[in-house]
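Please open the structure in a viewer with the secondary structure displayed.

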Amino acid sequence: MSVVLREVTDPAEIETLVPHVYRIFQMVSRGAALGWAVPPGPDEVRELLTGVVEGAAAGEAALLVAYASGDDVPPPAGLDPLTARLADGSTVAGLGYWRRYSRQTHRPHADLERVAVAEAHQGRGIGRALTEGLVASARKAGIEVLTLDARGDNERALALYRTLGFNEYGRLVDFVAVGHLRYDKVFYAIDLRRPWPRL
């Protein structure tokens, strides 16, 4: 399997991405910590992608998509076999994005959001590659501090962020509500004004 990361900046690509991103976000129904209690519908996915791509055109955001190809790439579950793969034979293995803060005093900074890898592609380093790519993109865009928040039980993601240089700067105990369950909301940040040896 080979994986290619690519920033999506063309609004014409959104319609092709919607069913693939919608499929990935369905992991929420199986407990994935992506910021929803119930998976978003296709219209919400389209609106989200449109907003990020429009922001990218203005230097306010970046959308990074991981495309997997090769003979050992599992077919995406939950899609029509005729549309399960893209025209080049690849499939969307994951995505993530950052967006600049809109508050005037926070404009130099951005928030990393919804780094997600399809279940069939997890454990192959795609989440790490996406996060490193998004950090590099934010640094190139002049972002000073990149923040993120994660659900406290998402220990794999939190461990990854720590290995990449993010530091915890706060925690709201039992803040995230998923049905009757409560989880901590953990805040991390990385100061991009400092050298980062990985990039």
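**From the sheet edge to a helix**

Begin with R6, which stands opposite V65 in β2. The model is a predicted one. Now extend the selection to the two strands concerned: β1 and β2, the latter spanning residues 61-69, pair in the antiparallel sense over six bridges.

Next, display the whole sheet. It is open and consists of seven strands in the order β1-β2-β3-β4-β5-β7-β6, with mixed pairing. At its edges stand β1 (2-7) and β6 (167-178); each has a single partner strand, so one side of each is left without a neighbour in the sheet. Viewed along the strand order, the twist averages 20° from one strand to the next.

Then select helix α2, residues 42-57. This helix lies across β2, β3 (91-100) and β4, and runs at about 115° to β2.

Move on to α4, which lies across β4, β5 and β7 and runs at about 15° to β7. Which residues of helix α4 (residues 155-163) are buried? They are A157, L158, L160 and Y161. These residues lie on the same side of α4, because they cover an arc of only 160° around the axis. In an α-helix, residues three or four places apart point the same way, because there are 3.6 residues a turn.

Technical notes
Residues numbered from 1 in each chain as written. Predicted model: local features only at pLDDT ≥ 70, side-chain atom pairs only at ≥ 80, totals over all residues. Heavy atoms only, no water. Buried < 20%, exposed > 50% of the residue type's maximum accessible area, 1.4 Å probe, protein only. Helix = DSSP H or I, 4+ residues; strand = E, 2+ residues; numbered from the N terminus. Arc of directions from axis to C-beta. Pairing = 2+ DSSP bridges. Axes fitted to C-alpha atoms, helices over the stretch in contact; angles between N-to-C directions. Contact = heavy atoms within 4.5 Å.
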